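Please open the model in your viewer and keep the selection tool at hand. This tour goes from stop to stop, and at each one it says what to select and what is there.

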Amino acid sequence: MFFSGRAKKPDAVIQFIAEKLASYFSVEAADAISWCALNDKQVTVTFPFACKTQWPAIEAFLQQALNGENNGEKYSGMSVTLNQSIQSGQTLKPPVTNVRNIIAVASGKGGVGKSTTSINLASALLQEGATVGILDADIYGPSVPIMLGNTTERPQTADNKHMQPLKAHGLVANSIGYLVPAEDAAIWRGPMASKALAQLINETLWPVLDYLIVDMPPGTGDVQLTMAQQVPLTAAVVVTTPQDLALADAQKGIAMFNKVNIPVLGLVENMSYYQCTACGHKDYIFAKDGGQALAERYGLPLLGALPLNTSIREHAGNGKPLLVSEPDHVLSDAYRDMARAVSMQLALTVPESQHGAKHIKGDPIVFNPVDN
Ligand SMILES: Nc1ncnc2c1ncn2[C@@H]1O[C@H](COP(=O)(O)OP(=O)(O)OP(=O)(O)O)[C@@H](O)[C@H]1O
């Protein structure tokens, strides 16, 4: 047997790797143990969340740990392979075919940057190795087509019942904005808006997606509540700006999801500060640490804090997300940090679906994540 003599028992190696992973991700070793498997001299770590941009660093860190700390002999010849496999989180309603997790991005107040956060979160999750779609549920003010730069495209249908989602920048997307003129949707009453959302979700032929990001309409009224109940949401992320007014509305958003038993993964504080490009001084225009204080009050993590920044606004408006145009931008890094936090929080806090993978039927469309 391989683990005889001076070598460690398999569970000791796994325990060792799990402890290193726990320190890297600030989680419990007990969580990390379930990610690890040993096969001969190879430890395979299968992350249940998206973190692919970190793999080279993690691999080097684990390999160094195996070789170092006087372990050279104990773990001699052992190597680490990394993988990721994102499971479906449980939902109150039956899941949508092919969609593992639906994450609502919501805000109590309009104009806080919910759509901008949605599109950049979706792009960042994609860069972290997940398959991602975006659904624009902001029936009254759809901005996903503008942000993806495909306002003139229309979803195709082969049977007049189902739509192929549009593909842009590696994402798949659907929006009421592709289907009806803005002035028509703007006058829809609640039931009509909810029905339109149900159709968008259920009649789109989604390819297999780890995450479908739903850009919710702003506010916490009847329309939003019905939508939150109607869609098989796995979880929600609440976007706020740091000032009191927005925070008060963000609380209403958290309360709304609590009421319908949808787990809130955490808060994103947008427009946290402005950093002067000339001198680097940070100005907390809308107050300081409001998002952090609210997160603490509700025992939620602050998943990200993004500054008020010209690049964020320009890229949101010109049809090419910041992460696509400038993947090396320091704010693209910040969005990827946020995406990993969202993905990890979901994997660690939402129990796996009892439906298993029964709703995963395969790709109804050819999905190429690098397609533009
Ligand atoms: N961090 C940021 N820095 C600079 N501009 C931003 C930032 N976030 C959002 N914006 C800009 O603020 C405006 C509102 O953003 P966005 O449309 O994302 O907000 P929203 O909350 O989805 O709005 P709505 O309530 O209309 O749905 C847009 O012009 C967007 O480009």
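Predicted model: local features only at pLDDT ≥ 70, side-chain atom pairs only at ≥ 80, totals over all residues.

Residues are numbered from 1 along each chain as its sequence is written.

**Two backbone angles**

Stay with Asp289, which lies in the loop between strand 12 (282–283) and helix 11 (290–298); helices (H or I, at least four residues) and strands (E, at least two) are DSSP runs, numbered from the N terminus. Most residues other than glycine have a negative phi. The phi of Asp289, however, is positive, near 65°.

Next select Asn160, which is not a glycine and yet has a positive phi of about 65°. Asn160 sits in the loop between helix 5 (144–148) and strand 6 (166–168), and it counts as exposed because 6 other C-beta atoms lie within 10 Å.

**The annotated binding site**

Now select Gly108, Lys109, Gly110, Gly111, Val112, Gly113, Lys114 and Ser115, where an unreviewed UniProt entry places the feature "binding site"; UniProt positions are given in the numbering used here, feature names are shortened, and annotations may be inferred rather than shown by experiment.

Within this selection, look at Gly110, which is found in the loop between strand 4 (102–106) and helix 4 (114–127). Gly110 is partly exposed, because it has 14 C-beta neighbours inside 10 Å. Apart from residues up to four places away in sequence, Gly110 touches Pro218 and Gly219, contact meaning that the C-beta atoms of two residues, placed from the backbone, lie within 7 Å.

Move on to Lys114, which belongs to helix 4. Why does Lys114 count as buried? Lys114 is buried because 28 other C-beta atoms lie within 10 Å. If its neighbours within four places in sequence are left aside, the contacts of Lys114 are Val105, Ala106, Ser107, Asp215, Pro218 and Val239.

**Around the ligand**

Select the ligand and the 21 residues around it, of which Gly110, Gly113, Ser115, Thr116 and Arg313 come nearest; a residue is near a molecule if its C-beta atom, placed from the backbone, lies within 6 Å of it. Helix 4 and helix 12 (310–317) each supply at least two residues of this shell, and the largest share, four residues, comes from helix 12. By class, the shell has seven nonpolar, eleven polar and three charged residues, where Ala, Val, Leu, Ile, Met, Phe, Trp, Tyr, Cys and Pro count as nonpolar, Asp, Glu, Lys and Arg as charged, and the others, Gly among them, as polar.

**Two domains**

Colour residues 10–84 as domain 1 and residues 102–349 as domain 2, bounds that come from an automatic or database domain assignment. The contact between them takes ten residues from domain 1 and 13 residues from domain 2, and the side of domain 1 that touches domain 2 divides into six nonpolar, two polar and two charged residues.

Then select Gln90, which lies in the loop between strand 3 (79–84) and strand 4. Although Gln90 and Pro351 are 261 residues apart in sequence, they are 5.8 Å apart in space, C-alpha to C-alpha. Not counting residues up to four places away in sequence, Gln90 touches Val350, Pro351, Glu352, Ser353 and Gln354.

**Confidence**

Finally, colour the protein chain by pLDDT, the predictor's confidence in each residue, from 0 to 100. The mean pLDDT of the chain is 88, and 91% of its residues reach 70 or more. Over residues 1–10 the pLDDT stays under 50, and over residues 367–372 it is below 50 as well. For the complex, the predictor gives an ipTM of 0.97 and a pTM of 0.92.

Definitions and conventions: Buried ≥ 20, exposed ≤ 12 C-beta atoms within 10 Å, placed from the backbone.
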